[in-house]
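User: I am new to reading protein models. Please take me through this one, feature by feature.

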Amino acid sequence: MKPTPRLTKYRQKRERIKTAGVHLLEIDLLRRGTRVWQYERIPKTDYLMALTRATADRMEVWPIKLTELLPIFPVPLRYPDKDALLDLPAALNAIYDEAYYHLSIDYQADPPPPATSTETLAWIRERVDK
């Protein structure tokens, strides 16, 4: 699949950040489209988070399935400070509550594309019906 102009621009920006010696934390919670990272060793998964530390030659990767809880993960700070922890589930729950998404999302409708497996759809329905 050929990348879109915006994706190409973003990949170029990533390269500039990498060469500038800056930490880069990326959170991909999109369900469709072309993933920014195209490496064979990254598993096929619904969501992905990646951390490229300024001094590292490899990315740290967190593959996440739709049916899993989002992780709490490290956010690098300047040396000598240790990593801070980002509680992504708490942050997204707060945003959800503040934005009143429960008033604008039709949870009885089928999930948007791409299609999910029968097991995942059952898992979604179980949570919606609670």
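User: Which residues make up the largest nonpolar core?

Analyst: Two remarks come before that. This is a predicted model, in which local features need pLDDT of at least 70 and side-chain atom pairs count only at pLDDT 80 or more, while totals for chains, interfaces and linings use all residues. Residues are numbered from 1 along each chain as its sequence is written, and side-chain values use heavy atoms, with hydrogens and water left out.

In soluble globular proteins, nonpolar side chains tend to be buried together. A nonpolar core is a set of buried Ala, Val, Leu, Ile, Met, Phe, Trp, Tyr and Cys residues joined through side-chain atoms within 4.5 Å. Buried means under 20% relative accessible area, exposed means over 50%, and partly exposed is in between (1.4 Å probe, protein chains only). Here the largest core has nine residues: Y47, M49, L51, W62, I64, L66, F73, L88 and I124. Strands β2 and β3 are the elements that give two or more residues to this core, and β2 gives the most, with three. Apart from it lies another core of six residues, including L7, V36, I42 and A50.

User: How many helices and strands does the chain have, and in what order do they run?

Analyst: Helices (H or I, at least four residues) and strands (E, at least two) are DSSP runs, numbered from the N terminus. This chain has three helices and five strands, in the order α-β-β-β-β-β-α-α from the N terminus on.

User: Is strand β2 enclosed or open, and on which faces is it covered?

Analyst: In a regular strand the side chains alternate between the two faces of the sheet. For β2 (residues 47-52), six of the six residues are buried, so the strand is largely enclosed by the rest of the structure. Y47, M49 and L51 are buried on one side, and L48, A50 and T52 are buried on the other.

User: Which strands pair with β2, and in what sense?

Analyst: Two strands pair if DSSP finds at least two bridges between them. β1 and β2 pair in the antiparallel sense over five bridges, with L25 opposite L51. β2 and β3 (residues 59-64) are also antiparallel, over six bridges, and M49 stands opposite W62. β2 and β3 form a hairpin with six residues between them.

User: Is R14 buried or exposed, and what does R14 touch?

Analyst: R14 lies in helix α1 (residues 5-19). With a relative accessible area of 10%, R14 is buried. A contact means heavy atoms within 4.5 Å. Leaving out residues up to four places away in sequence, R14 touches L24, E26, V36, W37, T52 and M59.

User: Where is Y79, and is Y79 buried or exposed?

Analyst: Y79 sits in the loop between β4 (72-75) and β5 (84-87). Its relative accessibility is 79%, so Y79 counts as exposed. From C-alpha to C-alpha, Y79 and I64 are 29 Å apart in space, and they are 15 residues apart in sequence.

User: What share of the chain's residues is buried?

Analyst: Buried residues make up 19% of the 130 residues in the chain. As for contacts with a separation of 6 or more, 31% are between residues 24 or more positions apart. The C-alpha atoms fill a box of roughly 45 × 35 × 25 Å, taken along the principal axes.
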